[in-house]
Amino acid sequence: TSRYSVASGIFQINTGVSTFQRLVNTLGTPKDTPELREKLYKTRLHIGQLVIQLFPFCKTSNYAVEYRGGKTKEEKSVDCYGRQNKD
């Protein structure tokens, strides 16, 4: 899996979490319906599946960080939680 596939997976997870948060914020309001709760449940399951699919690829991943100047790059090795590995 390429770095772009991992980035795409992370984007999908972030989108799912944003949707989940929006749905949770609707609980207890007049818009709180059985359909909303079903959508909340399905969204949670979808996020879980995305994480399960992505986890093996981001357990240890090397990526290049490009600084705003556009010329300087530094290779880093990070784990799935964004912590820098000690090489």
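The legends below describe close-up views of a predicted model of one protein chain.

Residues are numbered from 1 along each chain as its sequence is written. In this predicted model, local features need pLDDT of at least 70 and side-chain atom pairs count only at pLDDT 80 or more, while totals for chains, interfaces and linings use all residues; side-chain values use heavy atoms, with hydrogens and water left out.

**Figure 1. Overview of the protein chain.** Two helices and two strands make up the secondary structure of the protein chain, in the order α-α-β-β from the N terminus. Helices (H or I, at least four residues) and strands (E, at least two) are DSSP runs, numbered from the N terminus. Of the 87 residues, 21% are buried; buried means under 20% relative accessible area, exposed over 50%, and partly exposed in between (1.4 Å probe, protein chains only). The protein chain has an accessible surface of about 7,000 Å², and carbon and sulfur atoms account for 54% of this surface. Accessible areas come from the Shrake-Rupley method with a 1.4 Å probe; for residues, only the protein chains shown count as cover. Among contacts (heavy atoms within 4.5 Å) between residues at least 6 apart in sequence, 31% join residues at least 24 apart.

**Figure 2. Confidence along the protein chain.** The pLDDT, the predictor's confidence in each residue from 0 to 100, has a mean of 76 in the protein chain, with 62% of the residues at 70 or more. For residues 63–79 the pLDDT is below 50, and this stretch has 36 contacts in the model beyond near neighbours in sequence. Where pLDDT is low, the predicted coordinates should not be read in detail.

Figure 3. Threonine 43 belongs to helix H2, which spans residues 34–58. Threonine 43 is buried because its relative accessible area is 12%.

**Figure 4. Threonine 26 in helix H1.** Helix H1 covers residues 3–26 and includes threonine 26. With a relative accessibility of 17%, threonine 26 counts as buried. Neighbours within four places in sequence aside, threonine 26 is in contact with Lys31, Asp32 and Leu36.

**Figure 5. Arginine 37 and aspartate 32.** Arginine 37 lies in helix H2 and is partly exposed, at 46% relative accessibility. Aspartate 32 is also partly exposed, with a relative accessible area of 22%. The two side chains, of arginine 37 and aspartate 32, form a salt bridge of 2.8 Å, N to O. A salt bridge is a side-chain nitrogen of Lys or Arg within 4 Å of a carboxyl oxygen of Asp or Glu. Leaving aside neighbours within four places in sequence, arginine 37 has contacts with Leu27 and Asp32. From C-alpha to C-alpha, arginine 37 is 8.2 Å from leucine 23, and the two are 14 residues apart in sequence.

**Figure 6. Lysine 42 and glutamate 38.** The whole structure has two salt bridges, and one of them joins the side chains of lysine 42 and glutamate 38 (3.9 Å, N to O). Lysine 42 and glutamate 38 are separated by about one helical turn because they are four residues apart in helix H2. Lysine 42 is exposed, at 52% relative accessibility, whereas glutamate 38 is partly exposed, at 38%. Side chains of opposite charge can pair when their charged atoms come close.
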